[in-house]
Structure formats: C-alpha cells, structure tokens
Amino acid sequence: MRGKARIAASAALILALPACSAEPEQPLRAALTTPTDIDLTWRDDRPGIAGHVLEFATDEDGPYTVLQYLAPQVTDYRHPDLMPRTTFHYRLTSYRGPTARPHLTERPDGIRLTWTDDSRTEDGYLLEIRKKDGERYDPVAVLDPGTEATDFVPLPDEKHATYRVRAFVLGERSNVVRLTTGE
C-alpha cells in the first residue's frame, strides 16, 4: 500500500509540473462563442515584442494559414463564420524588429514608399499605418525580405495617416489551441 502511494504522488507531480510551467509560455486561449465563431485571446507582456502573427489550420500539423499580423496592443481576435463541424487549430508567433520612416511619394493612383534595407536577417517587412488621431501603428501589408519599395493605395480614412516599415524577425511560437465548430 505504501509503495502505491509513492507512485501515485510521483504521477501527480509529473502531471502538475506541465500545468504549473505552461501558463507563461502558453498564452493563447480559444472559445467557441457561437456555433461558427471562435474568439481567441492571449497575453504577452514580454519586453521587445513588436507584434504577433496569428495562424490557423484544419490539421494540427498544418499547413497553417496567416489570419493576421497584429500590433502588440491587440490581445484578441474573432475568427467568424467558420465551416460547421470542423476542427480548427490556432497558434501565435511573436515578432520583433526595428522600424524606419519611409520616403513617401504621391502618385495618381496612391503612394509609393521607399526605404533602405539595413537589415540582413529579416523574415520580411511590415508596412504599418497609424491613422489620423490613431494611438497605434497596425500592420497593413507584409513584404518580402530585402524589399526597399512598395506601392500602396490608401483607403479614404488612411489618406492622412503616418506610415512606417518594420524589418521583422519571427520569434517564439505559442501553444496550439484546438476547437471544433458546431451545427
């Protein structure tokens, strides 16, 4: 009897350790808020994080599809109108990287932004926009590594915005969460 108690206590300790250590490293959570809408929330207070990439897949091993590049202040996302009775997998990847103010040239059909590629290890560039009276920059376009120019057609509420580019490097990946839609 005494030997069984030791085994049970050891098993409980092994089961408890991942639960205790998982919280800070597994910030992504998901909830089925309607039969076909999934709400995702996360928390990431690590210093230097410039944003996150939210991805989904219908198979845990992928392939994953990018839903959105998100500013660091964004901590929730609704994935709406999903296919019924389907399992969705989500993961979040942080990114870091410096920003630069691009040179802006007005064109008849939009604007052209140019900058110097000073980074040699970026995974890509993000074009970020802060709308007039806005409080933060949000990614609006993803560009290939080594890019030094892009053309952009602003929406009516983006014509008086401020633009910047970020050479981003992908970082740590979160836990994977899984939910199956209803109906």
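**View 1. The side chains of E55 and R91 make a polar contact at 2.8 Å in this predicted model.** A polar contact is a pair of N or O atoms within 3.5 Å; within protein, one must be able to donate a hydrogen and the other to accept it, and residues adjacent in sequence count only if both atoms are side-chain atoms. E55 lies in strand 3, residues 51-57. E55 is buried because its relative accessibility is 11%, and buried means under 20% (1.4 Å probe, protein chains only).

**View 2. Neighbours of E55.** Leaving out residues up to four places away in sequence, E55 touches Y64, T65, V66, L67, H89, Y90, R91 and T93. Contact means heavy atoms within 4.5 Å.

View 3. Strands are DSSP runs (E, at least two residues), numbered from the N terminus. Two strands pair if DSSP finds at least two bridges between them.

**View 4. Strand 8 meets strand 9 (residues 110-114) through five bridges.** The two run antiparallel. L104 has L113 of strand 9 as its bridge partner.

**Notes.** Residues are numbered from 1 along each chain as its sequence is written, and side-chain values use heavy atoms, without hydrogens or water. Local features need pLDDT of at least 70, side-chain atom pairs count only at pLDDT 80 or more, and totals for chains, interfaces and linings use all residues.

Key. Helices (H or I, at least four residues) and strands (E, at least two) are DSSP runs, numbered from the N terminus. Buried means under 20% relative accessible area, exposed over 50%, partly exposed in between (1.4 Å probe, protein chains only).
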